[in-house]
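Please keep the sequence and the structure open while reading them.

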Amino acid sequence: MALKNVIGIDHAVVMVKDLDKAAENYRQLGFTVSPRGTHSAHMGTGNYTIMFDPDYMELLGVLAATEQNAPARAFLDTRGEGIERIAFTAVDSAAGAEEIRARGLTPIGPTDFERPVTLPDGTVSAAKFRTFMWPTAEAPGGVRIFACQHKTRETVWIPELMKHANAAKRIKQTLIATPEPAKEAAHLARLIDREPKTEADGAVTVPSGGDRADFVYLTLDQLGKRYPGVPLAGLSERGGAALVLVSGDLAATEKALGTAALRSGSAIVVPPAKANGTLLAFVAS
């Protein structure tokens with residue numbers, strides 16, 4: 001039985017060491033970046049979002065050490081920057097937490113938090129969330145998973161923030177490097193009740209649900225063969241490696257990316273060294 005209160009990928013969290021520098025880097029890559037947000041004090045984090053439809057990317061930084069952000073700090077210390085966790089959309093976080101508890105897993109949360117949001121007309125509102133996490137040890141491919149209930153979608157999906165000079169529209173795939181793709185994909189499939197599928201190159205795809213992005217588990221060697229000519233410096237052999245983004249106009253993508261862009265097959269790619277530890281591959285819809 002599929003989880004009733006958890007649907008597909010909501011957003012990808014890219015942990016960064018210097019939040020403001022990372023935001024400026026992504027602006028230079030042609031993304032429209034939201035104003036900086038500061039989360040509730042017990043979270044100890046701040047963020048910038050890059051909004052698509054129906055998903056988004058989150059640049060996340062630690063502002064003050066707290067118990068809540070200990071795993072994120074450990075990630076920065078050991079792995080450096082990059083995709084640290086992936087969020088699903090939660091219909092109801094409290095009910096979702098109970099669903100995984102009924103399967104023998106102890107959820108972390110639900111946790112309520114918010115951040116102030118400056119709207120395009122200059123007024124200030126709040127983005128409010130309720131999240132729960134799968135146990136920290138349940139991190140297929142070294143990437144933690146959690147579910148996020150948006151209590152104020154109108155203060156997150158702001159139309160002005162969803163138009164990007166690089167023509168990015170949505171996340172198509174989240175690529176996770178691992179020496180054991182089949183094992184890690186089977187782990188995720190058990191956690192979210194989805195069926196893994198082995199691809200022709202040996203990578204294993206796990207759909208996240210609905211019409212949302214897929215997870216793809218693959219070795220660094222397989223990743224290199226998918227994007228020949230792209231340096232993979234900055235990636236670990238196990239962990240979040242890349243986001244495949246749908247572009248509405250690859251010519252606009254290439255122009256906006258400028259010298260950061262590399263042509264690789266039918267994709268336009270930004271190497272991880274130029275995108276805070278995350279390979280970005282833009283593909284036609």
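The points below go from the division of the chain to the contact between its parts, then to the sheets and some local details.

1. The model is a predicted one, and everything that follows should be read with that in mind. The chain is divided into domain 1, residues 6-161, and domain 2, residues 168-284. The C-alpha centres of domain 1 and domain 2 lie 20 Å apart.

2. As to the contact between the two domains, 37 residues of domain 1 touch 41 residues of domain 2. The size of an interface is often given as the accessible area lost when the parts come together.

3. How many salt bridges are counted between domain 1 and domain 2? The count is one salt bridge, and a salt bridge is formed by the side chains of Arg 103 and Asp 193, with 2.1 Å from N to O. Between domain 1 and domain 2 there are also 16 residue pairs in polar contact, counted where both residues are at pLDDT 80 or more.

4. The side of domain 1 that touches domain 2 draws at least two residues from each of β1 (6-15), α1 (19-28), β4 (56-62) and β5 (82-90). Among the contributors to this side, β1 gives the most, with six residues. Sorted by class, the side of domain 1 that touches domain 2 comprises 22 nonpolar, eight polar and seven charged residues.

5. Five residues lie between the strands of the β6 and β7 hairpin, where Gly 122 takes a positive phi near 95°. Strand β7 also pairs with strand β8 (residues 144-150), again in the antiparallel sense, over five bridges, and the bridge partner of Arg 130 in β8 is Gln 149.

6. A further open sheet of eight strands has the order β10-β11-β12-β9-β13-β16-β15-β14, likewise with mixed pairing. Its edge strands are β10 (197-198) and β14 (262-264), each of which pairs on one side only. Strand β11 (residues 204-207) and strand β12 (residues 214-218) run antiparallel and are joined by four bridges, with Pro 207 opposite Asp 214 of β12.

7. Some backbone details deserve a look when the model is inspected. Most residues other than glycine have a negative phi, and most peptide bonds are trans. Which peptide bond has an omega near 15°? The bond from Asp 53 to Pro 54 does, and it is cis; Pro 54 lies in the loop between β3 (45-51) and β4. A cis peptide bond also joins Gly 109 and Pro 110, with omega about 10°, and Pro 110 lies in strand β6. Ala 167, a residue other than glycine, has a positive phi near 70°, and it is placed in the loop between β8 and β9 (168-177).

8. Lastly, Ala 233 is found in the loop between α5 (220-226) and β13 (239-247). Leaving aside residues up to four places away in sequence, Ala 233 touches Pro 272 and Ala 273. The C-alpha atoms of Ala 233 and Gly 277 are separated by 8.5 Å, although these residues are 44 residues apart along the chain.

Conventions: Residues numbered from 1 in each chain as written. Heavy atoms only, no water. Domains from an automatic or database assignment. Contact = heavy atoms within 4.5 Å. Salt bridge = Lys/Arg side-chain N within 4 Å of Asp/Glu carboxyl O. Polar contact = N/O pair within 3.5 Å; in protein donor to acceptor, adjacent residues only side chain to side chain. Nonpolar A, V, L, I, M, F, W, Y, C, P; charged D, E, K, R; others polar. Pairing = 2+ DSSP bridges.
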